[in-house]
Amino acid sequence: MPPHATARVPGELVNPGRPVGIAFTGCGYAADFYGATLPNYPWLDVRGAYDIRADRAQSFVHEYGGRVYGSFDELLADPTVAIVVNLTPVTLHHSVSKAALLAGKHVYSEKPLATRLDEASELVRLAGQRSLLLSSAPSTVFSQSAQTLMQAVDDGLVGRPRLVHAALDMGALAFMAYTDWHSKRGVPWPFEDEVRNGCVMEHAGYQLSWLVAMFGPVVRMAAHTASLLVDEWTTLDAREVAPDHSLGFLEFADGTVGRISIGWVAPTDQTLTVIGDKGTLSVGDVWQASEPVMLRRRVDTNGKDHAYLAPPEQLPFVVPAAGYRYTDTHDLTVGAGVADLAWAAAENRQPFLSSDFCLHLLDVSLRLAKGTGVAESVAVPPSADEKLSDSYTRHLVTAGQRHTRRSATADLAGGKRRT
Ligand SMILES: NC(=O)c1ccc[n+]([C@@H]2O[C@H](COP(=O)([O-])OP(=O)(O)OC[C@H]3O[C@@H](n4cnc5c(N)ncnc54)[C@H](O)[C@@H]3O)[C@@H](O)[C@H]2O)c1
């Protein structure tokens, strides 16, 4: 088994020494996350923004600075722009990033790099051939929580990591008031795009980026997806909606194994727990930049006691809090990825979120979204036990006639049986 990796994430983002010109393309919902956190990195010089909806570009520059570009070509022709930040819808990431690279710009893309691995690989190749940098969100690895967790793992506080449990279940989206969600500038949350892209392509990176940073690349995996609430969307055809739940088994290069659950069906669970041979480390919500990192050390036990972990202790953060945050349901440190790219460009090296790293996250995300590997059929031989028979199962799913007794749980469900 390879030895456990050592710390790789830069602790604090460093001023590259001179302003770096950046421009935004796509000024929708997520753009406010960026605008609000950019002042943390005053060397990022916002030159302007473009959106096919001029009103959105206008409101963005009004709030966050720079000028409105009349076209994407005009943005690309601006010699003061070194980095293009691509915040267009996911299906446009490839074409927009490609145009920016061809125009000689470094690119920071929202996640995922592209919707297909071959298209993302093309971008990585193109960047390499042109000595340009290509990087992608999420950049929550720079958060106080992530930095502290990674440091604690590298310092061996839980010994050797063996197992990791990760979840990005954000609650039952179809039952939430998602049409009421608006960004600071009033841009509505683009729920149709989100549910078409699916929970995995939208959210897997928030866990995978931390896991791969800690344990190395995924070397073996299996996944299973399900479409559980897809017919609950009132404005979307269930056939256009991506699976809304994915369960994955992951094995990392350092030998750590893990399970990951991603979806918008189960109640909110955005936890990450690293289980080592000397204890556990956990973060309650990977979407909150300053979520406490809790250590439970292994302790000796005796007698008939199942307890083997000491009470949780909160670890001190290893990096300071960002001064400027986006006060939303999640605090994603978004500007940090652009800042790290600017720093890397000034030093002529790859950013922490390198193109290869982002490509690997996309590769694993696509496999989690496809969900192949564990869906084998289970043959059930004929049995006298009616619970194992087809007819019993059919009875359960068709609100049966045999169990006519009203139960307490049926009362709780308003007297209804599942149909
Ligand atoms: N919505 C979220 O909560 C959230 C959070 C973090 C990251 N993201 C990511 O951010 C990216 C953008 O998502 P969003 O939620 O801001 O979507 P959005 O639809 O609100 O914004 C996208 C913007 O791009 C513009 N646009 C469309 N085509 C364009 C083109 N050819 N050139 C320039 N602009 C164009 C649209 O007019 C729109 O204003 C996605 O990759 C998404 O995964 C979204």
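A residue counts as near a molecule or strand if its C-beta atom, placed from the backbone, lies within 6 Å of it. By that rule 26 residues surround the ligand, and the closest are Gly 26, Gly 28, Tyr 29, Ala 30 and Glu 110. The shell divides into 15 nonpolar, four polar and seven charged residues; here Ala, Val, Leu, Ile, Met, Phe, Trp, Tyr, Cys and Pro count as nonpolar, Asp, Glu, Lys and Arg as charged, and the others, Gly among them, as polar.

Keep in mind that this is a predicted model: local features need pLDDT of at least 70, side-chain atom pairs count only at pLDDT 80 or more, and totals for chains, interfaces and linings use all residues. Numbering runs from 1 along each chain as its sequence is written. The average pLDDT (the predictor's confidence in each residue, from 0 to 100) is 89 for the protein, and 89% of the residues score at least 70. Residues 1-8 stay under 50, and residues 399-405 are also below 50.

Now for the helices and strands. With DSSP runs numbered from the N terminus (helices are H or I, at least four residues; strands are E, at least two), the protein has twelve helices and 14 strands. Start with H2, residues 54-64, where Arg 56, Ala 57, Ser 59, Phe 60, Val 61 and Tyr 64 are buried. Buried means 20 or more other C-beta atoms within 10 Å of the residue's own, exposed means 12 or fewer, and partly exposed is in between, with C-beta atoms placed from the backbone. Those buried residues of H2 pack against strands E1, E2 and E3 and helix H1, with contact meaning C-beta atoms, placed from the backbone, within 7 Å. After H2 comes Gly 65, with a positive phi near 100°.

Next, look at H5 (117-129) and H10 (355-370), whose axes come within 10 Å and cross at roughly 175°. Axes are lines fitted to C-alpha atoms, for helices over the stretch in contact, and angles run from 0 to 180 degrees between N-to-C directions. The pair is therefore roughly antiparallel, the label for angles over 145 degrees. Among the residues making this contact are Leu 117 and Val 124 of H5 and Leu 359 and Leu 366 of H10.

The peptide bond from Lys 111 to Pro 112 is cis, with omega near -10°, and Pro 112 is in the loop between E5 and H5. Ser 131 is not a glycine but has a positive phi of about 55°; Ser 131 is exposed, with 9 other C-beta atoms within 10 Å.

Note on methods. Angles under 35 degrees count as roughly parallel, over 145 as roughly antiparallel, 65 to 115 as roughly perpendicular and the rest as oblique. Two residues are in contact if their C-beta atoms, placed from the backbone, lie within 7 Å.
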